[in-house]
Amino acid sequence: MTQGALLSRAVTPSPREDLVELLRPEGCALLTVECQRGVVGPDSALPELAAVAQESGALGRVAQLVAAAHDTGVQVLHAVAERRADGRGANRNAPLFRAVERLPVRQLTGSAAVEIAAPVPVAAEDLVVRRLHGLSPIAGTEVDALLRNLGCRTLVITGVSANVAIPAAVFDAVNLGYTAVVPEDAIAGVPASYTPAMVRHTLTLVAAVTTADEVVACWRRTALTPSRSSFPAP
């Protein structure tokens, strides 16, 4: 073990025992929400959100969590929001949807905008779930069925935005019977000050709120498999 790894272990506090049980890799999955180039990348349709995700370190911590999940046998799902070039099937029943139609960068199926953004790694065993409608990465998508088939009962939710998609995912997960875990330093919204307020006054009521480091520490305590991070991306 390197000196850096030893130092990291020395300064990382032990995770809470209740979280260790919740986050056992065999019953846990990690969901990244809209961590795609057209949302959090350098050519984002939403540059203010992209800037907050980068500058707060949230996107880097999502990458940290994905890499740790690959190393410890935790299933990763990437939820991507996209639309057809003709807009067929997309929602238009809220101001947000209508505003998206006018943005210069469009999240078109098959385009670079819907690729997972750096530095988030994608491994061959990851599942990418794409949706053409709605606000939630769970409601009306394959996520629930995939999690049940995988035997997952705990869902770690990360990404953007803390304004809409993250709380929607948490509520949907809880309503479907999953335990939601939110690393509060691995989500972002605008303005930056909104995220901690939303976490404190909303998400703490329905989810286990923690940090990226604590989630990683739990996974390492109960890791199932050797490193898979060297698997080729699809």
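Good morning. The largest pocket in this structure has a volume of about 690 Å³. This is a predicted model, in which local features need pLDDT of at least 70 and side-chain atom pairs count only at pLDDT 80 or more, while totals for chains, interfaces and linings use all residues. Residues are numbered from 1 along each chain as its sequence is written, and side-chain values use heavy atoms, with hydrogens and water left out.

A pocket here is an open set of points on a 1 Å grid over the protein atoms alone, where a 1.4 Å probe fits, with protein on both sides within 12 Å along at least five of seven lines; lining residues have an atom within 4 Å of a point. Of the 31 lining residues, Glu-34, Leu-46, Ala-81, Leu-96 and Val-100 are the closest to the centre of the largest pocket. The lining divides into 19 nonpolar, seven polar and five charged residues, with Gly counted as polar and Asp, Glu, Lys and Arg as charged.

Which helix gives the most to this lining? It is α6, with four residues; helices are DSSP runs of H or I of at least four residues, and strands are E runs of at least two.

I turn now to the strands. β4 (residues 154-160) and β5 run parallel, joined by three bridges; two strands pair if DSSP finds at least two bridges between them. Thr-154 has Thr-179 of β5 as its bridge partner. In β5 (residues 179-183), four of the five residues are buried, that is, under 20% relative accessible area with a 1.4 Å probe, protein chains only.

Note on methods
Points joined across faces, edges and corners; volume = space filled by probe spheres on them. Buried < 20%, exposed > 50% of the residue type's maximum accessible area, 1.4 Å probe, protein only.
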